[in-house]
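Here is a short report on charged side-chain pairs. Look at the sequence and the model before reading on.

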Amino acid sequence: MRSTTNFGRNIRFTPRHRYKPRTEDEVLRLLDEHRDGTVRVVGARHSWNPGIETPDALVDLRHFRHVRVHEGRTRVTVGAGCRIGALLKHLTGRGLTLPSIGLIDRQTVAGAVATGTHGSGRHSMSHYVQSMRLACYGANGDARVLTVDSGSMLRAARCSVGALGVVLDVTLACVPQYYVRERCAWRPGLDAVLEKERDAPLQQFYLVPHAWRYLAHQRSVAEENRRRGGAALYRAYWLITIDVRLHVLLKFSASLLRSRRLVHLVFRRILPLFIFPRWRVTDRSDRQLRMRHDLFRHLEMEVFVPRGQLASAVDFVREILKAADDRGHELSPETRSQIDSLDAAAGFEALRGSYVHHYPICVRRVQPDDTLISMASCDGLPARDWYAISLITLTRPYARFERVAAFLADAMSPLFGARLHWGKWFPPDGVEVEDRYPGLSEFRRVCEACDPHGVFRNAFVRDGLFGSEGSGSALKDR
């Protein structure tokens, strides 16, 4: 039997049945056939955890690609299997776009929504879902099509990790096309980066390893929809120099040569030569807000922390990566105290000198989502911004990165109230989920109404969201 693997090739499994339905009736029939099994949906497979795994039925919705802009031009209904890039192209031809755009556009719309995919400076895509049609089960166990457009049901469906059913189509808010003004700038510290948010609310920034400097993509909505500053040249330069050549150099240094010294040289001496702070450009939002790091296979973990914990969380990540790179690095008193408070000293010492981080640490601000369990959900909490801290490795095997990433995930959850991105890597032993999402009990109630027998709950979903109701749960079963 043919196996299925994901983009990062760290997940591989073999389902007994594969389906590529073309109609809703076909979807309902396969749900009826597998009401005693496990059904999961596969999109672009641009994820790094076992969310798509199933021993039974795997459903590919690539034929559900329809797009319809509603009268009034403020909403668009799109088939679950449509890629984000195709949707953006359709909207652009009509002078429209999405309110929030992530770094890449390869994901399917349903997959991006189900995992809380986000850009920078606005809510996640999930927040902008106005209604959804999904195939699920009724109380009697028969398959049905359900339209979700209000209340807790909608807030659960906006980010469901596939636990409510098979999404057929999604209705999202859309907005008039806008242009983004951008410049890259080195900043002396985190405070200086955050001060720029008022003038550059769409900015994302990077903590550059080994130089330990901040590089900010300062971005704001332009006053007029017009390309400026050699935008076409800028896009070509960024694609060729950063998205391709820099990645090749990092792959060569870290993965092929495994040279700690060369990795240090890239970030301390070479990268600054290719950043031009005076180059200000304006271009269409869907061009300016996207990047192409998906050209190279990689593994990614992304940790969300509330704004009030950002500075401490970034300091902690920096200290752990420094120690992983340099066995002799002395931790700051604050970091040492944090590790001791977790009784994690032995685990930390095992990481010393074991891994050279070789990718900029990307940080993006996400406004609070009106959802139950997206990473930026504030259900049951005071409204506040969240910051996503992304860690990527290009080296294979992934084991060294995974050990460091698992330590960071396990430590940052209790220390900073961190949440892991539902579509990215989770450590094998899991992290705390129960206490991180006050809306989890309501989410479970909605799931029970749509899937009373747990057909859509694979091991990842079952153990993470339903494993020990009321006593704290972690994603354990792999």
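## Salt bridges

Arg133 and Glu24 join their side chains in a salt bridge, 2.7 Å from N to O. This pair connects distant parts of the chain: Arg133 sits in strand S9 (residues 129–137) and Glu24 in helix H1 (residues 24–33), 109 residues apart. A salt bridge here is a side-chain nitrogen of Lys or Arg within 4 Å of a carboxyl oxygen of Asp or Glu. Helices (H or I, at least four residues) and strands (E, at least two) are DSSP runs, numbered from the N terminus.

This is a predicted model: local features need pLDDT of at least 70, and side-chain atom pairs count only at pLDDT 80 or more, while totals for chains, interfaces and linings use all residues. Residues are numbered from 1 along each chain as its sequence is written, and side-chain values use heavy atoms, with hydrogens and water left out.

A search of the whole structure gives 32 salt bridges. Among them are these:

| Pair | N to O distance |
|---|---|
| Arg307 and Glu197 | 2.9 Å |
| Arg227 and Asp283 | 2.9 Å |

Arg227 lies in the loop between strand S15 (213–221) and helix H6 (231–256), and Asp283 in strand S16 (residues 281–284), 56 residues apart.

How accessible are the partners? Buried means under 20% relative accessible area, exposed over 50%, partly exposed in between (1.4 Å probe, protein chains only). Asp283 is buried at 0%. Arg227 is partly exposed at 37%. Glu197 is buried at 11%. Arg307 is partly exposed at 36%.

A network of salt bridges links Asp105, Arg106, Arg284, Asp286, Arg290, Arg292 and Asp294.
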